[in-house]
Amino acid sequence: MFKALFKAWKSYRHRFVPWIALNLQKNERTLRQVKDPSQDKLVEDEEVFGSLVCLFTELLKNDVKNQSALLRFLPQSKRDKYTNVQNGARDAPCALGLNALGFRIERKRSSLQLAGTGVFVTQGHAPKGSIVAMYPGTIYQADEPIFFQSIRNPFVFRCIDGVLIDGNDRAISKIVYRSCSGRDRFGPFCLGDCSWLTSDPVNPLAVGQYVNNCSNEKAANVCYQEYDVPEGFPLELRQYLPNVNYRADTQRPLRCVVLVSLRDINCGEELFSNYYTIVH
């Protein structure tokens with residue numbers, strides 16, 4: 001029994017925030033130093049916006065036959081952008097990611113011993129500064145209840161300002177996300193994506209919760225960057241955002257977390273993340 005528990009812990013600890021915090025000073029390679037939380041951005045928000053809109057546009061074009069009810073509510077100029085598609089065949093989301101971003105990522109068994117699932121670049125390559133993944137899940141503000149959802153849950157991500165993202169695709173976390181996502185609509189427009197809860201996410205980037213933390217043996221090649229979705233984000237493309245607020249009356253923009261490549265990442269490489277630390 002002890003061996004089974006130890007094996008589970010070895011896998012769990014790579015995403016367990018308290019363990020990471022206690023071990024940061026022992027492993028300097030897990031740290032990315034910044035002088036102020038406001039500097040915790042490798043790419044500008046405009047670049048994140050552009051990358052997501054580029055990918056999501058391709059996803060909508062690929063599914064245009066099922067989007068007719070939604071497209072009727074858009075201006076003709078926008079409708080034309082999505083409907084002027086020469087190829088009528090549908091492509092797999094991962095293939096669209098390869099076409100739009102130049103690389104494809106997939107979940108596979110991690111190269112870290114006992115770390116469980118990891119995320120790999122399986123086609124193409126991701127240049128430095130690319131948005132390579134998104135951290136999906138329910139967004140909890142600092143004062144919102146997450147105790148029961150967090151029990152035995154290695155997928156709770158803490159943002160700089162205390163906002164939490166529950167990226168667990170199972171158990172009560174899955175139920176909470178589906179409930180909140182079904183609640184949040186704007187007329188015919190769905191405001192969040194539930195497909196990341198399955199083995200075949202429509203948004204191919206929505207696997208960031210399975211990116212393992214780096215170690216002394218495996219240096220980080222990606223880092224987390226927070227991104228608040230602006231009001232100007234296209235309404236028809238919000239259906240591909242893999243995040244939803246726990247409360248409907250949250251008075252702040254939707255928080256997303258993207259993973260940005262720290263260097264060029266080639267085909268076959270696994271993604272490993274690090275954390276920032278503030279230096280004075």
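These are legends for a handful of close-up views of the predicted model shown above.

In this predicted model, local features need pLDDT of at least 70 and side-chain atom pairs count only at pLDDT 80 or more, while totals for chains, interfaces and linings use all residues. Residues are numbered from 1 along each chain as its sequence is written, and side-chain values use heavy atoms, with hydrogens and water left out.

**View 1. The protein chain as a whole.**
Let's start with the overall picture: the chain has eight helices and 14 strands. Helices here are DSSP runs of H or I with at least four residues, strands are runs of E with at least two, and both are numbered from the N terminus. Of the 280 residues, 48% count as buried. Buried means under 20% relative accessible area, exposed means over 50%, and partly exposed is what falls in between (1.4 Å probe, protein chains only). Among contacts with a separation of 6 or more, 76% come from residues 24 or more positions apart; a contact is heavy atoms within 4.5 Å.

**View 2. Y140 and Y246, a stacked aromatic pair.**
The structure holds ten aromatic pairs. Y140 and Y246 form a stacked one, at 4.8 Å centre to centre with 25° between the planes. To count as a pair, rings of Phe, Tyr and Trp (its six-membered ring) must have centres within 6.5 Å; planes under 30 degrees apart are stacked, over 60 edge-to-face, and the rest tilted. This pair links distant parts of the chain: Y140 sits in strand β5 (residues 137-140) and Y246 in the loop between β12 (243-245) and β13 (255-261), 106 residues apart. How do they compare with the solvent side of things? Y140 is buried, with a relative accessible area of 0%, whereas Y246 is partly exposed at 25%.

F155 lies in the loop between α7 (147-150) and β6 (156-158), and Y210 in the loop between β9 (189-190) and β10 (212-213), so the pair ties together parts that are 55 residues apart in sequence. F155 counts as buried at 9% relative accessibility, and Y210 is buried too, at 8%.

F49, F56, F233 and Y240 are linked by ring pairs into a cluster.

E236 is in the loop between β11 (222-228) and β12, and at 1% relative accessibility it counts as buried. What does its side chain make a polar contact with? The partner is the side chain of K78, at 3.3 Å. A polar contact is a pair of N or O atoms within 3.5 Å; within protein, one must be able to donate a hydrogen and the other to accept it, and residues adjacent in sequence count only if both atoms are side-chain atoms. Leaving out residues up to four places away in sequence, E236 touches L60, L70, L74, K78, Y82 and F189.

**View 3. R247 and its contacts.**
R247 lies in the loop between β12 and β13 and is partly exposed, at 35% relative accessibility. Setting aside neighbours within four places in sequence, R247 is in contact with D143, E144, P145 and R183. The C-alpha atoms of R247 and C180 are 7.7 Å apart, although 67 residues separate the two along the chain.

**View 4. Two non-glycine residues with positive phi.**
R152 has a positive phi of about 55° although it is not a glycine. R152 is found in the loop between α7 and β6 and is exposed, with a relative accessible area of 78%. A171, not a glycine either, also has a positive phi of about 55°. A171 belongs to helix α8 (residues 171-183) and counts as exposed at 57% relative accessibility.
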